[in-house]
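Visitor: I would like to learn how to read strand pairing and a chain interface in a model like this one. Could you take me through it?

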Amino acid sequence: MPRRLARPLVAALVLSGLLPIAFSTAPAHADTYFPITGSGSTWSQNALDQWRSNVAKNYGMTVNYNGIGSTSGRTDFIAGTVDFAISEIPFQAKPQDGSAPEHPTTGFAYLPIVAGGTSFMYNLKIGGIRVTNLRLSGDTITKIFTGAITNWNDAAIQADNPALAMPNKPITPVIRSDGSGTSAQFTLWMATQYPKLWKTGMTSQFPSFGESKAQKGSDGVAGYVSQDYGEGAITYVEYSYAKKAGFPVAKVLNAAGYYVEPTAYSVAVAMMQAKINDDSSSSAYLTQILDGVYNATDKRAYPLSSYSYMIVPTEVTSKGIFNTNKGKTLGAFLRYVLCTGQQQADTLGYSPLPMNLVEAGSDQIKRIPGAGNAGIDFASCKNPTFKAGDSPSKNQLAVIAPYPADCDKKGTSQCTTGTAGAANQTTPVTGSGTGGTANTKTNTGTKTTTGGSSNTGTTGGSVSQPTYDENGNVIAGSTTDGTTSGSGTTYGAAVSKPFTLPDQTTASTQWLLVAAALLLVAVVVAPPLLSQRLRRSGGADVSR
Amino acid sequence: MSDLMTEVVSTPATAPRTFLGAGLDGEDEAQREVRGFTARQRFDLVGAGAAGAALAALLFGWFAPLSGAIGWVVVAFLAFLGLYVLLISLDSGLEEVKDRLSAALFSTAGVILFGVLVFVVVYTIARGVEALSHPNFFVQTMQFAGPLDALDIGGVAHAIVGTLIQISIALLITIPLGIATAVFLNEVGGRFARFVRTVSDAMTALPSVVAGLFVYAAVIQGITHERSGIAASLAITVMMLPIVIRSSDVVLRLVPGNLREASYALGSSKWRTVWHVVLPTSRSGLVTAVILGTARGIGETSPVLLTSGVSAAMNTNPFKGPMISLPLQVFDFVRSPEPTMVARGFGTATVLLLLVLFLFATARALGGRAPGELSPRQASRARATSARDLLRIASKKLPDPVLEN
Amino acid sequence: MSDRSIPSHPGPAMLAPAASPAPQPADGFEDVPRRVVSKHSFGDMLFQRSVLAAGTVTVLIMLAVGVFLSLRASTALSKTGLSFFTTQAWSPETQTFGVAAVLFGTVSIALIALGVSVPLSLGTALLLSEVLQGRLRNLLISLVDLMAAVPSIVFGLWGVYFLQGSIIPVSKWISIWFGWIPIFAVTDASGQPQLQPSAFTSSAFIAGIVVGLMVVPTQTSIMREAFTRAPVGEREGAYALGATRWGMIRAVVLPFGKGGIIGGTMLGLGRALGETIAVYMIISPIFTINWQVLKTGTNSVSALIALRYGEASEFGLSALMAAGLVLFLLTLVINFTASSIVARSRSGVESDV
């Protein structure tokens, strides 16, 4: 009997124990490389996931990566629970945001792995048509992410987008809820460029404000913006996420007066201005100083460009899990990343590393225990930013980078072509130069006042989704046709149409409708009820 | 049949004539059926339903510019309730109205509950089919699949294996420890046992994420220094152990005392009583307890979220390197807004769901019987054994007394 | 295997010593109950020792969890003292952290969950125990039990990918028509009503519905079990006195099942408080008290732990453990209250929840 009790349990155990053995024979690659584990940034996770699968296919390396945010990655590295970490910012020994200072106890080195642009992915429709060519200037962005600008029809946004009739729609800024390098890069940019507007300094924990919405990870913010209910939302996220999600990003105004999209080219051009800490004795060796990038005067430069770093160990300690066997894998992986891996950067939505950083990275690889003294063979390195024999300060991408079209210049007009994941969708606008700057300004003024008086109701954007209108005629007559048509008269057209019916009238008509509905019910129910009552009283009389 | 009594009591005039006779005759010994419907009641239901739907359609289409499917359903339902009450009240009293209305409300609650729960499951499976229709989903890992790859590359074999390894380790600890503790609570007793029971009852209140946090802080940061399969197993164990103890305790408590007493009366020791009487009697219940605990342990995401780490590759060594499991893999997939990743997430959730369903069905098949109640096969086996015993005893009957004396 | 065990069974041999000192009942004059002094055999001792060891190990594991949590939590709690319960922000590094906001969020989500689950489970439990019959009934009872085993991540997926988008009109409708009730209003900082869809996402309301559906099967089966236990005699008595079915339910089933209703509700509450992953997937975490349950932004203790454990410093982890401990104690109180209510309501019936 007792054996009968044990039998099913034992069978279950044996079964579950055998299955893994049956499966474990499947990946037969792993010959000499020990698996390595890392965690950190979601900013560069798309690139890392691609490389991870590439080296698994080609070299049989197992690289585990857990995108849990840069701050968590650095914490894991300090705790020694990972072999490497990825972060956009170095360890924060004196954090500006009052978080705990980070003091790694083991040796480490920074190693740039990929460049990219922190972009502003948005979900906006005007009259039911998706906007794909939004342009924003730096201080507008800062005001949006501090809660100073709360509506898409704000004069500042309108001024950035002369050809769009910005709808009266609240802005939903989507921020990161976890400690994130993207937040750190973005806040560093705001703190450097707009210290009057952004007073918090650089912080990994973006402070929530007003109508902001916090989501975890780059995936989380991008995912929120790309939902139907994310209409009106804007977030800061690496360019690749917008590309993947099929959504546009805002072109950002650079110091040369052009609105630029964070393509591989414009990031490469901007990063030419980055100062790199080249004091190899400093623990912050190879970290970036980005002031030059923010103010790059090249017309093609994207101001919010930056590098992402891998933090690698330079010593083996008993505290962590790193050892020289893993160092060998890590070295081989990094040699792949810095050369061949960079070829896919553009496709994924990043920008490949230039030669000087690959050179420096090559030296850093040698410091990893177990990685061997072989640096990078520049003759066979397939990095697209340089050819064999180039000077380290040259970047092939920056040489061939296209100049922005005239319509991307501030003030006059606006290109109709889409950006990022929505590159093939043009936004139907014809706001050509005839309108002129003066016209734009006056019209903007008029529009703002109109928008202010027209109350905060449902906006034109809701037209595309009539199902949202449970409450009846909130939407009934308000078909805001925001799409612009004429040149120069663009604003007039948008202004002349009412954006929404005011709520007050809605409420009173609702009550009328309720009364009508009650009447209908009464008409249906009253006759049979009355006749029954009559018959019953009649019947009662008869029985008595 | 009919709700005869209520009809008789509340509205004698309109009571169905045929039943009145049959009921009072007393010849019809059949039990009165209180749970059925008469034709009239059916008509009330159908009529009110149709009228409610029609009224809602009228309101939505013509009278009030209402819109939305949910709004329509709500309005139609309210109209139905109103009309239903009206219809019943036409020929019945207040009590009858209350009775029928309450039944309608219970049924509504049931329809909503089962509708939603079944929908949750069906929705998951329906959206998972896209990924599940690729057979590679079950045999490959995500190691070779990059973020741009389509569904025909990559799968969740590593997560399935990870789940099985983690739950096996957890069971290896939980089953002996849990059942032995439950036996201790029931068969040994005493003050200490009461203390153990209190503590383990208290631990059922431990939120699973706190169990994960404990293992993260104590084991990962303190001992292993890396997220691994064993850490995840320990977190699952901490979460599952109180559940298994509690349900095994309940099952053991259901073993009838007279069985134990009979065993003691035959002179067997405590150990033999437990091994040959208590455990076999409660076998199906114990298996059910363990399997339901397993289902809970497999499905819980939060303890593994903190402890197992994320890996795209097959890892069969629980002591080294991250080992992902199904629920965490679902969570990891659906973080990404990409359609292929979301499809994979739903596919993985379906696999997890099917695993849990399988466990549950097993638990149902094995358990669901009261202690001592035998399945037909067990019963015939027991009969055969008794027959053999009888033969054996009969054959030994003569020499036995001689030997004893 | 049982036939193998019988020969090894030392039945008669063991019976003999116990039987011999027994007084002869036939004599009649001395009817003292036999003193049962069981001599422990070696096997018995081994058995006793080993199950005792198992019990001890179990207790040690659990005490280790409790003590470890309390010790680590006390580091954080000693820094803040009672302000831990009144501070809304969560910034352990600057020493300003507390559970006021997260606890409020946790409780509000759990209460919304109960608002959804209790009517549904009460109605369904009565439907299953009093209205339905036969095959359908058994099928549905199994289905309820099965649903209790559905992993929470499945509910979370459904909540994020289906409910979040489709509940917006309902939330909006409630906020428009019942906005005069403060908790149903959805306004921005200046008090203007909000109408854009994104204002209604990631709210305590949505998380509450999902968690409510998650706990509904557990509650239903506990309540149904309690209702079926209502004695048949009383039921028939009620019918015999001319009660309708509803009258019988009100007079017999509900009073008898009261313990089950309360116990089931509270056990569901306990589970709702601790639910992590579904809440974590849905909400947009904030660290202020948000009374507007339909409006985006809420928080919960378990979601806070899942969100912040990775980046927490040593002290930050202590703070998280303090939050976890508070949640644990809250759940503990609720569970014990529930089980004592259930136990008290079930005099004489030998079973458990």
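Visitor: Which residue is the bridge partner of Tyr122(A) in strand 10 of chain A?

Guide: Strands of a sheet pair through backbone hydrogen bonds, either parallel or antiparallel. In this predicted model, Ile234(A) of strand 10 of chain A is the bridge partner of Tyr122(A). Strand 4 (residues 108-123) and strand 10 (residues 233-238) of chain A pair in the antiparallel sense over 6 bridges, where pairing requires that DSSP find at least two bridges between two strands, and strands are DSSP runs (E, at least two residues) numbered from the N terminus, as are helices (H or I, at least four). Residues are numbered from 1 along each chain as its sequence is written, and chains are lettered from A in the order in which they are written. Local features need pLDDT of at least 70, side-chain atom pairs count only at pLDDT 80 or more, totals for chains, interfaces and linings use all residues, and side-chain values use heavy atoms, leaving out hydrogens and water.

Visitor: What is the order of the strands in the open sheet of chain A?

Guide: The open sheet of 8 strands in chain A has the order 2-1-3-15-4-10-8-9, with mixed pairing. Strand 2 (63-67) and strand 9 (213-215) of chain A are its edge strands, each pairing on one side only.

Visitor: How many residues of chain B are in contact with chain C?

Guide: Counting contact as heavy atoms within 4.5 Å, 104 residues of chain B touch 100 residues of chain C.
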